[in-house]
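Open the structure in your viewer and keep the selection tool at hand. This tour goes from the whole chain down to single residues.

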Amino acid sequence: MVNEDELRSKRVYVGLLAIAGLAGGAVLTFFPGNEGVQAACIRIGLVLGAFWLAMPTANRPAAWKKLSSNWMIFALIITAIVIPRAKAMFPVLAILAGVAWFARPRK
């Protein structure tokens, strides 16, 4: 297990790298012709910032510790893969949900 001092230093490093990536992207906006590097710096900064937020602190455990089981992680991965590909199916699903709503048995 990782001790508290090592965990705190890793959290600081990730936060500094996130700030450096975002700052690098901001600086590169003033230099035309580097749009690809600018986009990469901003994306890396955003991802590291999100990872920094999810890292454990002294008061709370890591954000992924709240996931109850491996099945939950598996379901989240499958959902992340399926949802972008199923955007064309949303109108069909909405129509089916409407039909099911009106066809349900009434009390």
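Here are the stops, beginning with the overall view.

**Whole protein.** Bear in mind that this is a predicted model. Show it as a cartoon. Follow the chain along the sequence, and the pattern reads α-α-α-α.

**Surface.** The accessible area of the protein comes to about 8,800 Å². Carbon and sulfur atoms hold 73% of that area. How much of the protein is buried? Of its 107 residues, 14% are buried.

**Contacts along the chain.** Go back to the cartoon. Take the contacts in the protein with a separation of 6 or more: 43% of them join residues 24 or more positions apart.

**Helix α2.** Select residues 35-54, which form helix α2. Within helix α2, pick Q38. Is Q38 buried or exposed? Q38 is buried, because its relative accessible area is 17%, and buried means under 20%. Next, display what surrounds Q38. Set aside its neighbours within four places in sequence, and Q38 is in contact with G25, L28 and T29. Select those residues together with Q38 to view the group.

**A charge and a ring.** Move on to R11 and W52. Where does R11 lie? R11 sits over the face of W52. The distance from the ring centre is 4.3 Å. Turn the view until you look down on the ring of W52, with R11 over its face.

**Aromatic rings.** For the last stop, colour the aromatic residues. How many aromatic pairs does a search of the whole structure find? The search finds zero.

Conventions: Residues numbered from 1 in each chain as written. Predicted model: local features only at pLDDT ≥ 70, side-chain atom pairs only at ≥ 80, totals over all residues. Heavy atoms only, no water. Helix = DSSP H or I, 4+ residues; strand = E, 2+ residues; numbered from the N terminus. Buried < 20%, exposed > 50% of the residue type's maximum accessible area, 1.4 Å probe, protein only. Contact = heavy atoms within 4.5 Å. Phe/Tyr/Trp six-rings, centres within 6.5 Å; stacked < 30°, edge-to-face > 60°. Lys NZ or Arg CZ within 6 Å of the ring centre and 35° of its normal. Areas by Shrake-Rupley, 256 points an atom, 1.4 Å probe, with all protein chains shown as cover.
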